[in-house]
Amino acid sequence: MARELDRIDKRILDELQANGRLSIVELASRVNLTNTPCTERVRRLEKTGLIKKYSAIVDPNLLGYSHLSVVQISMAITADDYLKDFNAAVQDIKEIESCLMVAGSFDYVLLVRTRDMVHFREVLGEQISKLPGIRQSNSYAVMEVVKDQREFTLAP
């Protein structure tokens with residue numbers, strides 16, 4: 001169930017998504033609060049799980065991981081145990097940036113980040129194709145990332 005947020009909570013979340021390193025003093029100033037109530041609100045947002053964690057967004061291209069592929073996975077069997085096994089095994093492949101279970105003509109979409117096509121083919125052949133329960137996979141090389149938004153904008 002979604003939690004009701006007031007205007008200030010939404011602004012706090014927007015500001016922290018844009019820059020998680022803001023000091024409480026700076027954050028309070030940006031949302032027009034004093035330090036103590038701002039700190040209390042941030043702690044409440046953390047405690048309720050609305051703020052899951054703080055992290056740095058690293059540019060994978062600058063680390064040599066500039067090749068992005070989309071892989072569609074169709075499962076042979078979609079019984080709960082098979083899906084659980086697949087979900088657990090996906091966690092161990094560091095090149096899988098995202099794994100989404102979907103409804104439709106296939107069961108999962110993977111975003112796979114590798115150095116280049118040779119590296120992708122290695123990951124596909126040696127790891128992804130050996131995931132439990134796979135019937136078929138289809139791969140697509142991403143030519144351009146048009147939008148990659150990690151923040152969820154709340155304030156009007």
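**A guided tour of the predicted model**

The model is predicted: local features need pLDDT of at least 70, side-chain atom pairs count only at pLDDT 80 or more, and totals for chains, interfaces and linings use all residues. Residues are numbered from 1 along each chain as its sequence is written, and side-chain values use heavy atoms, with hydrogens and water left out.

**Overall dimensions**

With the C-alpha atoms displayed, the protein chain fills a box of roughly 55 × 40 × 25 Å along the principal axes. Its radius of gyration is 20 Å, whereas a compact globule of 156 residues would have one near 15 Å (taken over C-alpha atoms; the globule rule is 2.2 Å times the number of residues to the power 0.38).

**Helices H1 and H3**

Next, select residues 7-18 (H1) and 35-47 (H3), whose axes come within 11 Å and cross at roughly 80°. Axes are lines fitted to C-alpha atoms, for helices over the stretch in contact, and angles run from 0 to 180 degrees between N-to-C directions. H1 is therefore roughly perpendicular to H3 (angles of 65 to 115 degrees). To see the contact (heavy atoms within 4.5 Å), show Ile-8, Asp-9, Ile-12, Leu-13 and Leu-16 of H1 with Arg-41, Val-42, Arg-44 and Leu-45 of H3. Six of these residues are nonpolar, none polar and three charged; Ala, Val, Leu, Ile, Met, Phe, Trp, Tyr, Cys and Pro count as nonpolar, Asp, Glu, Lys and Arg as charged, and the others, Gly among them, as polar.

**The largest pocket**

Proceed to the largest pocket, which holds about 870 Å³ of space. Of its 18 lining residues, select those closest to the centre: Gln-17, Lys-53, Ser-55, Ile-57 and Arg-150. On a 1 Å grid over the protein atoms alone, a pocket is an open set of points where a 1.4 Å probe fits, with protein on both sides within 12 Å along at least five of seven lines; lining residues have an atom within 4 Å of a point. Grid points are joined across faces, edges and corners, and a volume is the space filled by probe spheres set on the points. The lining comprises nine nonpolar, four polar and five charged residues.

**The second largest pocket**

Finally, select Leu-68, Glu-97, Arg-113, Asp-148 and Arg-150, the closest to the centre among the 22 residues lining the second largest pocket.

Notes
Helix = DSSP H or I, 4+ residues; strand = E, 2+ residues; numbered from the N terminus. Parallel < 35°, antiparallel > 145°, perpendicular 65-115°, else oblique.
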